[in-house]
Amino acid sequence: LAPMVKMTVKKADKPLILVAVDNSESVKSNKDSAFYVKEYPQQVQKLIAELGSKYEVKTYLVGDEDHLVSDKETFHIDFSNKSTNLSSLFDQVNMLYSNRNVGAVVLLSDGIYNTGSNPYYKVQNSDFPVYTVGLGRTELTTDLFISDIVHNRQALKGNFFPVEIKVAANKLSGKTAELTVSEGKEEIFHKTISLSGNRYFETVKLNIEAKSKGIHQYRVDLTELDGEVTHKNNHSMFFVEVVESRDKVAIVYNSPHPDVAAIKEALELTDNYDVEVSPIAEFKGNPSDYSLIVLHQLPSNANSASNLLSQIRQSGISALYIVGPQTNLSAFNTMNTGVTITQSKSMTNNAMPLYNENFTSFTFSEEGRKMLPLYPPIKTVFGTYKTSVSANVFLYQKVSGVDTRYPLVVFNDQNGARTGVIAGTGFWSWKLYNFMHTENHEAFNEFVDKTVLYLAAKGDKSQFRVQHEAVFAENAPVEMTAELYNDSYELINEPDVKMVIKGGGDTTYEEQFSKQNNSYYLNVGELPVGNYTWTATTQIGSKRLEKSGRFSVQPVMLETANLVADHDILKSLSKATGGKFFTKDNIQKIAQEIKNNENIKPIATYQKKYTMLLNSPWYLIAIVLLLGAEWFLRKWNGGY
């Protein structure tokens, strides 16, 4: 009664060509800037149109982060990005198009990358050719510039903090330049630099006194010399937050573990913390002297740490519990951490971190979120997890590729005492993978720093609270979170929260927080470099609540620190994948080169498809005709 029809459907998958265009500042920061502003975008558009006549083409703008240009967007090259990450492009290609017929990647760049890892290591196992176009100038240009400024993000009031200014010059032998460092109108450092050789480099070291609490803005200036290709990189700024005292943090462990060293190293990068590390058997400190105590696999089966845990609970000190196979779960479950773990068998899971999009206790950068799927799994307790209503999950567990609601990192706030739980051990390996993908530890350090900063923060008993970073980079969005409590100190978010941000001059931004779960979130977007003050207001019934504060936006000078194009890296990408390198004068030859590549061709796939015969309109028409013919013949022959 329901016959099926089997059909074999042939589908041709056209080759996909990915055109990636370097949209960073360094490309046009040379004497050919007129060409890159006027002629170059037209040549790129012509290349895309020619490839689109035969292939499926997707375009990317490469810079701060790879931006896939959708069909609804206008493809606009403005060279506005403040940094370049070439390796992330190939991460995106391998992740998004692993099951597609990728014919080739066309990369137009000057080869300069200043974030991420070397892209060469990302393409060695690629099964598609990479065609590269070398932009910019490879020869030395006459230039004096600040290549980098190394400094602490925080400093302790009354101390001197070190600053290293890296000065470089090309083709300016015999000239002299003046280097000055100033805060406001006060000059705090001066040095005369005598330039020598075709390529000159010097690291200028100085110490600056942290006189007063707050965010301090320092300006670095080099003399503008005649003949330089640009003067933009002769000037820079940096910001340092001066704090009045360090928070004392104790890391107490049951047995030695690399997690302990990873946390310690991350915290010691700032001037915010005075870190002490001790095994539980040797810890003699008074818990009330610390802002936070980190307990690695404590209480354990070998050591209940009952005295220390009792003092932590009585004094209301914040604690971070790291749960592992040595943890005594029965004792842990009595600590009111916001999560309980019931285990029937001594087994573990391999869990990857999964970001909770509804988490609002603090902001976590886009770079940090992008790293989470790249981290290896860590060992977590196999069991049943239960979280309290007051708990706020930061990271969930992703087990065997399945997203779960088991917490991996969770925070709890009870009567002003904050606790955190990391439900696994082995996250020290995240630091290694962070460096492998980006050649720095910034994402891992942010994970540790934000966790400790939230837990160690002095209790704010006000009904209205606003949190944000002290300093933002100019190419990063300004993000803030807020919490509102009623008279019973229950978290609410029914009233609207408005924000007014004032910058230099008469610049004013009026925003409104969005509501997420029981909290508030605001993304102002990218703001110009400078100092800003803000005022946030809301109202509970007839009571008007107001908070105010300040933050700074720091310039990003990565793109002007090096203007010499690196075509060698582009040639190596093409050679490793069977592609070809072109100069900017031969962009028009790329399309023909790809068309001549016999390996770039459609892939035919055959798919068996089953459908019910009843779904066919022809089958219905045939049934009606047959029934009609039978009725007619019966009538004609006098039958019934």
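Biologist: Which residues of α8 meet which residues of α9?

Modeller: This is a predicted model. Trp-430, Lys-431 and Asn-434 are on the α8 side. In α9, the partners are Glu-442, Ala-443, Phe-444 and Phe-447. They count as a contact because heavy atoms lie within 4.5 Å. By class, this contact has four nonpolar, one polar and two charged residues.

Biologist: How do you know at what angle α8 and α9 cross?

Modeller: Two packed helices are described by the angle between their axes and the distance between the axes. For α8 (residues 428-438) and α9 (residues 442-456), the axes come within 7 Å and cross at roughly 145°.

Biologist: What makes β28 and β32 edge strands?

Modeller: β28 (471-473) and β32 (508-512) each pair on one side only. They belong to an open sheet of five strands, in the order β28-β36-β35-β31-β32. The pairing is mixed. The twist averages 25° from one strand to the next.

Biologist: How do you know that β35 and β36 are paired?

Modeller: Pairing needs at least two bridges. 11 bridges join β35 (residues 530-540) to β36 (residues 543-554), so the two strands count as paired. They run antiparallel. Ile-540, for one, has Lys-543 in β36 as its bridge partner.

Biologist: Why are Met-4, Tyr-610, Met-612 and Leu-614 called a nonpolar patch?

Modeller: A patch residue must have over 30% relative accessible area, and nonpolar side chains are joined within 5 Å. Met-4, Tyr-610, Met-612 and Leu-614 form such a patch, so the label applies. Together they have about 410 Å² of accessible area. Met-4 sits in strand β1 (residues 4-13).

Terms used. Residues numbered from 1 in each chain as written. Predicted model: local features only at pLDDT ≥ 70, side-chain atom pairs only at ≥ 80, totals over all residues. Heavy atoms only, no water. Axes fitted to C-alpha atoms, helices over the stretch in contact; angles between N-to-C directions. Helix = DSSP H or I, 4+ residues; strand = E, 2+ residues; numbered from the N terminus. Nonpolar A, V, L, I, M, F, W, Y, C, P; charged D, E, K, R; others polar. Patch = residues over 30% accessible without salt bridge, like charges linked within 9 Å, V, L, I, M, F, W, Y side chains within 5 Å. Areas by Shrake-Rupley, 256 points an atom, 1.4 Å probe, with all protein chains shown as cover. Salt bridge = Lys/Arg side-chain N within 4 Å of Asp/Glu carboxyl O.
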